[in-house]
Amino acid sequence: MNTHSLTWPILLKQPQQDELLYLGSTEELIEQLSFLGPLNDLVIIDSEGTSYQLESDSRLSLCSPQLPIATLIDWVRLHASQAGHCCTSKLSANNIAQLFEIVDFIEQ
């Protein structure tokens, strides 16, 4: 897998899962991939907000169209709810950096 185009940290989103995985390095990504099972439709969002899909041959391809910030906010709200946080409907962010800070806070 070519992860050189990613700006770390990254978020992983599996289909039909509300949880996000916050990963800080290529090593963490490789370690987590072995636990995830089928990787079809796995989405990776890097800390610049660029979204990628993992192809069946383990290549990263840019999502087209790119995921809008509103979708990412919804995903972070679901993630926060799964982590036991309340009032997630009030959760908001103005940019991708704020979203990553929120997820980092949730993970701590």
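**Reading the cores and rings**

Visitor: How many disulfides does this predicted model have?

Guide: The count comes to 0 disulfides.

Visitor: On to the nonpolar packing. Which residues touch the most other members of the largest nonpolar core?

Guide: That core has 18 residues, and Ile 45, Val 76 and Leu 99 touch the most other members. Strand S3 (43-46), helix H2 (69-82) and helix H3 (96-107) are the elements giving two or more residues to this core. H3 gives the most, with 6 residues.

Visitor: What is Val 76 in contact with, leaving aside its neighbours within four places in sequence?

Guide: Val 76 is in contact with Leu 20, Leu 91, Leu 99, Ile 102 and Val 103. There's also a second, separate core of 12 residues, including Leu 6, Leu 12, Leu 23 and Tyr 52.

Visitor: How is a pair of aromatic rings described?

Guide: By the distance of the centres and the angle of the planes. Searching the whole structure turns up 1 aromatic pair. The ring centres of Tyr 22 and Phe 100 are 6.2 Å apart and the planes sit at 55°, so this pair is tilted. Tyr 22 is in strand S2 (residues 20-23) and Phe 100 in helix H3, 78 residues apart, so the pair links distant parts of the chain.

Terms used. Residues are numbered from 1 along each chain as its sequence is written. This is a predicted model: local features need pLDDT of at least 70, side-chain atom pairs count only at pLDDT 80 or more; totals for chains, interfaces and linings use all residues. Side-chain values use heavy atoms; hydrogens and water are left out. A disulfide is a pair of cysteine sulfur atoms within 2.5 Å. A nonpolar core is a set of buried Ala, Val, Leu, Ile, Met, Phe, Trp, Tyr and Cys residues joined through side-chain atoms within 4.5 Å. Buried means under 20% relative accessible area, exposed over 50%, partly exposed in between (1.4 Å probe, protein chains only). Helices (H or I, at least four residues) and strands (E, at least two) are DSSP runs, numbered from the N terminus. Contact means heavy atoms within 4.5 Å. Rings of Phe, Tyr and Trp (its six-membered ring) pair if their centres lie within 6.5 Å; planes under 30 degrees apart count as stacked, over 60 as edge-to-face and the rest as tilted.
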